[in-house]
Amino acid sequence: GSLKKSNQISPQEFLSELKSGVMDERLLACLDSLRVYLTSKPVSWVQSFGHEGLGLLLDVLERLLFKKQQEKIDKKNQHKIVQCLKAFMNNKYGLDRILGEEKSLALLARAIDPTQSAMMTDVVKLLSAICIVGEENTLEKVLEAITTAGEWRAIERFSPIVHGLRDRSIQLQVACMQLINALVTSPDELDFRLHIRNEFMRCGLKEILP
């Protein structure tokens, strides 16, 4: 309530709300306001929040993704955190911080969930951008995260991305093709590019492409 009454919310207020451990509609309201602030405030505000806030956002996302019983509100909160991360990394400071946090890519890869097409669209867009603008070793980190997520689910690592191409959502189809292109074209070595391409083909991309 106090967050809504006040026109200006400080980074510290968001931090204390995230630390409080709320996990329901109250968290959703907090994340929704945070997304707006991260999108519209200057980089200095983002830095002030991000110093501690990025870790808190990732911790909450981790708790939500690992919950055994996923309620509807949990899935909404997961998507809202992804939107906050998207806004957070929309500048050099945020991008560097996200790439510097070891578990950020692992959690994003874990959030590639074809049953939640809106969230998956945002996740694969983020991972595509990270592949394209990241440093040389970024692609390796993204592939490692996708591999770990696949092992956790006991499935082929690229199958959720290919699965997204079968979705009714055109936005998700386009985002998945962008990620596939980013993963296939980023490596310098031709053999490695062909290896990734062939792996996608074996996962069902060959049947879908026509």
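Trainee: Leaving aside neighbours within four places in sequence, which residues is R157 in contact with?
Mentor: Start with the term: contact means heavy atoms within 4.5 Å. Now leave aside the neighbours of R157 within four places in sequence. The contacts are then L143, I146, T147, G150, H195 and E199.

Trainee: What should I know about the model itself?
Mentor: This is a predicted model: local features need pLDDT of at least 70, side-chain atom pairs count only at pLDDT 80 or more, and totals for chains, interfaces and linings use all residues. Residues are numbered from 1 along each chain as its sequence is written, and side-chain values use heavy atoms, with hydrogens and water left out.

Trainee: Does R157 count as buried or exposed?
Mentor: Check the cut-offs: buried is under 20% relative accessible area, exposed is over 50%, and partly exposed is in between (1.4 Å probe, protein chains only). R157 has 18% relative accessibility. That is under the 20% limit, so R157 counts as buried.

Trainee: Which element gives the most to the lining of the largest cavity?
Mentor: On a 1 Å grid over the protein atoms alone, a cavity is a set of points where a 1.4 Å probe fits but cannot get out; a pocket is an open set with protein on both sides within 12 Å along at least five of seven lines; lining residues have an atom within 4 Å of a point. The largest cavity is lined by A109, I112, I146, A149, G150, R153, R157, P160 and I161. Two elements give two or more residues to that lining, α9 and α10. With four residues, the most comes from α9.

Trainee: What is the volume of the largest cavity?
Mentor: Grid points are joined across faces, edges and corners, and a volume is the space filled by probe spheres set on the points. The structure holds one cavity of 30 Å³ or more. Its volume is about 40 Å³.

Trainee: Which residues lie nearest the centre of the largest pocket?
Mentor: This pocket has a volume of about 290 Å³. Its lining counts 13 residues. Nearest the centre lie E136, L139, S186, P187 and D188.

Trainee: How many charged residues are in the lining of the largest pocket?
Mentor: Ala, Val, Leu, Ile, Met, Phe, Trp, Tyr, Cys and Pro count as nonpolar, Asp, Glu, Lys and Arg as charged, and the others, Gly among them, as polar. The lining of this pocket has five nonpolar and three polar residues. The charged residues number five.

Trainee: How many salt bridges does the structure hold?
Mentor: A salt bridge is a side-chain nitrogen of Lys or Arg within 4 Å of a carboxyl oxygen of Asp or Glu. One of them joins the side chains of E17 and R26 (2.7 Å, N to O). D32, R35 and K80 are linked in a network of salt bridges. The total is 11.

Trainee: How many residues apart in sequence are the parts that K19 and E52 tie together?
Mentor: K19 forms a salt bridge with E52, and the closest N and O atoms are 2.8 Å apart. K19 lies in helix α2 (residues 11-19) and E52 in helix α4 (residues 43-65), so the pair ties together parts whose separation in sequence, in residues, is 33.

Trainee: Which helix holds K103?
Mentor: K103 and D59 meet through their side chains in a salt bridge (2.5 Å, N to O). D59 lies in helix α4, so the pair ties together parts that are 44 residues apart in sequence. The helix of K103 (residues 102-110) is α7.

Trainee: Does K72 count as buried or exposed?
Mentor: K72 is found in helix α5 (residues 72-88). Its relative accessibility is 69%. That is over 50%, so K72 counts as exposed.
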